[in-house]
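Thanks for coming, everyone. Please look at the structure on the screen, and then we'll walk through it together.

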Protein chains: 2
Amino acid sequence: MDPEALNPVIDKAVESGIPVVMFDADAPNSKAYAFLGTNNYYAGVTAADKMAELLNEAGGEVGVVTHPNQLNHKERTEGFRETIEKEYPKMTVVDVKDGRGDQMISKEVSEELMREYPNIKGIFASEANGGVGVGKAVIDQQKKGGDIHIISFDTDKGTLDMINDGIISATMAQGTWKMGYWSLQFLFHLQHDIAGELEGETNLPRYVDTGITVVTKDNVNEYYPGE
Amino acid sequence: MDPEALNPVIDKAVESGIPVVMFDADAPNSKAYAFLGTNNYYAGVTAADKMAELLNEAGGEVGVVTHPNQLNHKERTEGFRETIEKEYPKMTVVDVKDGRGDQMISKEVSEELMREYPNIKGIFASEANGGVGVGKAVIDQQKKGGDIHIISFDTDKGTLDMINDGIISATMAQGTWKMGYWSLQFLFHLQHDIAGELEGETNLPRYVDTGITVVTKDNVNEYYPGE
């Protein structure tokens, strides 16, 4: 996502008196009144805490498969890495691989990771396609007796199925319902002039972190659509 | 603030079915449903951006007077320091002094700072008592022909008066109105069962950054009580 590309359109709408709030992806230099979405750094912190819990006291080597050129994935990786460095001295982040948001490439770089670090105990995949790719690599590995914990991101069907099958240990569910609901509340406030001025400062918080829920085998069934 | 001290009381209330949200200061390990307040790290980032603007292209040496043992002040200082390191290569944070949240001590450590770094161009005070102390030190300095930009925190009368007098260049106003208003909205949602379950997960965002407004001579009069 290019955080600047929509600025002219957003600003034109706001200048015409049309309330605009952003959700999921921000345009911080636009005139939008608020942003509601996941704080990606803290999502990475949560993933690190969960990984530490999965590896118990033992700790060990862990890796990351991510999209290193995209800001949101960079932030997730930083939150994961910095938390492990600061909070969990028994764990080490040995490598960060570029899975390019692609299932096949993520599978390949995971196999590389497992070859280069035969004692690796966990992999954090910062997005869903990557997570399924890592899962496929680990299925092959398990046939050889390996045991690697995977933490993934989002709640695509492929990810949920792998949680049900015990391949992926946990995934980070974003607060998409909250994004929609509170965006609408904010627009309602703007439209009915109960959030202060339409021009200039309003009484809306500029930044709302809609948070992360950790999905595991225990609660995975609540995340399938229609349930 | 001890972020753990109130946990038993908060948890007891929540377990009895009483909705609890936190504002201004969080208790992250309690059962409170949400927190609404200032992201102190980003407040420090904003202070750094404002300091860079005040020093224009010239840059130079800047210092901090803070309360180094309190988490919120530590975060403000980190946001200030890291932003200057990353974004403003012409500026250097030469020292961080402990003003202990006291006006006299903050005045003394500011005098020390100006003695040790005679070319110092700016001081960020992370809280209001400290800011007024720094201001008093700079008044004495100005009599000797010095010119130092001060950025302070909060909108106490002493701070606002010093902005009107041109001693303090800017102060960071917290979104206190937003904290109160949106806390009430969240409690309303919990009480009327429109935010999901009272027990377990709700549809409230756990963390709301109510943001910072930069107050300068241009808008200071809006911040006096009763206006």
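Helices H5(A) and H6(A) cross in a left-handed way. Left-handed means that the near helix is turned anticlockwise from the far one by less than a right angle; clockwise would be right-handed. This is a predicted model, where local features need pLDDT of at least 70, side-chain atom pairs count only at pLDDT 80 or more, and totals for chains, interfaces and linings use all residues. Residues are numbered from 1 along each chain as its sequence is written, chains are lettered from A and ligands numbered from 1 in the order in which they are written, and side-chain values use heavy atoms, with hydrogens and water left out.

Back to the crossing. H5 of chain A covers residues 128–143, and H6 of chain A covers residues 157–164. Helices (H or I, at least four residues) and strands (E, at least two) are DSSP runs, numbered from the N terminus. The two pack at an angle of about 35°, and their axes lie 9 Å apart. Those axes are lines fitted to C-alpha atoms, for helices over the stretch in contact, and angles run from 0 to 180 degrees between N-to-C directions.

Which residues of H5(A) meet H6(A)? They are Ala128(A), Val132(A), Gly135(A), Lys136(A) and Ile139(A). Across from them sit Gly158(A), Thr159(A) and Met162(A). Contact here means heavy atoms within 4.5 Å.

Now the two chains. A rotation of 180° with 0.0 Å of shift along its axis puts chain A on chain B, with an RMSD of 0.1 Å. In chain A, Val208(A) has the C-alpha nearest the axis, 2.3 Å from it.

Val208(A) also lines the largest cavity. A cavity is a set of points on a 1 Å grid over the protein atoms alone where a 1.4 Å probe fits but cannot get out; lining residues have an atom within 4 Å of a point. The volume is about 40 Å³, meaning the space filled by probe spheres set on the points. Other lining residues include Trp182(A), Trp182(B), Phe186(A), Phe186(B) and Leu36(B).

Notes. Copies are superposed by least squares on the C-alpha atoms of residues with pLDDT of at least 70 in both. On a 1 Å grid over the protein atoms alone, a cavity is a set of points where a 1.4 Å probe fits but cannot get out, and a pocket is an open set with protein on both sides within 12 Å along at least five of seven lines; lining residues have an atom within 4 Å of a point.
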